[in-house]
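The sequence and structure come first.

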Amino acid sequence: MSWDVVFFYLIGGASVLTALGVVAARNPVHSGIFLVICFLNVAGIFVMMGAEFLAVIQIIVYTGAILVLLLFVVMLVDPEDLPSFHTAQPLQRYLSFLLGAVLLLEVGAAIITRTGLVGVGPASPEAVAAVGGNVQALGRRIYSNYLLAFEVTSLVLTVGVIGAVVLALPERLGERIGTRRGTISLSHSRGADEMLPEGPRGETPIRVDRTRPAPVPAATRTIIMTSDPDEHTRVAGSAPNGRPATRRPGTITSTKPTETGSTRHD
Amino acid sequence: MTEVTVEHFLFLSAALFIIGMMGVLTRRNMLIIFMCIELMVAAVSVSLVAFAWENETLDGQIFVLFALAVAAAEAAVGLGIILALSRRGKSVDVDDLRTLRD
């Protein structure tokens, strides 16, 4: 008996036990945590079958994103809305056990009597290793043969995100957005209208940020119109003698009143 | 039984799928039903990857990748529905949600 079998029974047994825990737990939070452990074990199963990329994606997407979302929803739902545990009708329960047993028998018979095609594909472990690994091999396949499906998948995700946002909007905000004339603006949240300037509703609002103070003008120097550039900067006794008169009369110079001509470089 | 064969993984997949199915059939909490559906998706993923592993192709893994993306979108929409139901003051008991049937 090789170590593979030992690991398979460890991981598979853990996943089946935690799956039973998902179904049997009374608290939905416990069910969610059982589901996390079950998905981690499924990721281990993926690694056993050489699908390392899928294992990582399983952990990131399922246990990282979906299950955290699920646990948040569990905490957002009012506990009084949840049905009690022992309310399933006995007939329903017996029927489900019967259906499960029948399905297990059918699938077991199908698995035992099947004749599979073993190792006919192009992606043998040596070929995958020659490309550089599972991730590289999957990437080559996705971006060549399955490019259209990949693009459509991004569209599906976008539609799903928009649908989730629309479903989860607060009811009042959704109605207000629906009745707004002409424009649909999702950009400001509830309560942001009080900050807008007065005017007839339905017009284009002008955003004024009143929380930020008005900018202080940065000009602290005085601007002096002069014909001689050294007129206001010359201090008695320290006149810049060798300064070439390059400036024409009428130029604008900005000087500090306390600045002396000897330290000025412009 | 000294080597892991594809039948091992297929039986594991069947077990996970049937456990999830029984959860969908017996529980009435919509959240638990949702989790059981995710469990069934994972079970099908296991069997797809097992077939790909046996046939030495990568197409099964790519199918799982796309199914995972669709499952993520489905999770977002389904949880949004559960949240909207809970917010409108209705219960998340599936036996109480019979508006379409009546």
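Axes here are lines fitted to C-alpha atoms, for helices over the stretch in contact, and angles between N-to-C directions run from 0 to 180 degrees. Helices (H or I, at least four residues) and strands (E, at least two) are DSSP runs numbered from the N terminus. This is a predicted model, in which local features need pLDDT of at least 70, side-chain atom pairs count only at pLDDT 80 or more, and totals for chains, interfaces and linings use all residues. Residues are numbered from 1 along each chain as its sequence is written, while chains are lettered from A and ligands numbered from 1 in the order in which they are written.

**Chain A**

Chain A has eight helices and two strands, in the sequence order α-α-α-α-α-α-α-α-β-β. Of its 266 residues, 15% count as buried (20 or more other C-beta atoms within 10 Å of the residue's own, with C-beta atoms placed from the backbone). Residues are in contact if their C-beta atoms, placed from the backbone, lie within 7 Å. Among contacts in chain A between residues at least 6 apart in sequence, 47% join residues at least 24 apart.

**Helix pairs**

| Pair | Axes come within | Crossing angle |
|---|---|---|
| Helix 2 (residues 28-48) of chain A and helix 3 (residues 52-76) of chain A | 8 Å | roughly 175° |
| Helix 1 of chain A and helix 2 (residues 30-55) of chain B | 9 Å | roughly 155° |

Angles over 145 degrees count as roughly antiparallel. Helix 2 of chain A and helix 3 of chain A are therefore roughly antiparallel to each other. Their contact includes A:Leu35, A:Phe39 and A:Phe46 from helix 2 of chain A, and A:Ile59, A:Tyr62 and A:Leu67 from helix 3 of chain A. The residues of this contact comprise 18 nonpolar, three polar and one charged. Ala, Val, Leu, Ile, Met, Phe, Trp, Tyr, Cys and Pro count as nonpolar, Asp, Glu, Lys and Arg as charged, and the others, Gly among them, as polar.

Between the chains, A:Ala19, A:Val22 and A:Val23 in helix 1 of chain A meet B:Met35, B:Cys36 and B:Leu39 in helix 2 of chain B. The residues of that contact divide into six nonpolar, no polar and no charged.

**The interface**

The contact between the chains takes 76 residues from chain A and 64 residues from chain B. On the chain A side, the elements giving two or more residues are helix 1 (3-24), helix 2, helix 3, helix 4 (90-113), helix 6 (134-142) and helix 7 (147-168). The residues of this side divide into 53 nonpolar, 18 polar and five charged.

Methods: Parallel < 35°, antiparallel > 145°, perpendicular 65-115°, else oblique. Contact = placed C-beta atoms within 7 Å. Buried ≥ 20, exposed ≤ 12 C-beta atoms within 10 Å, placed from the backbone.
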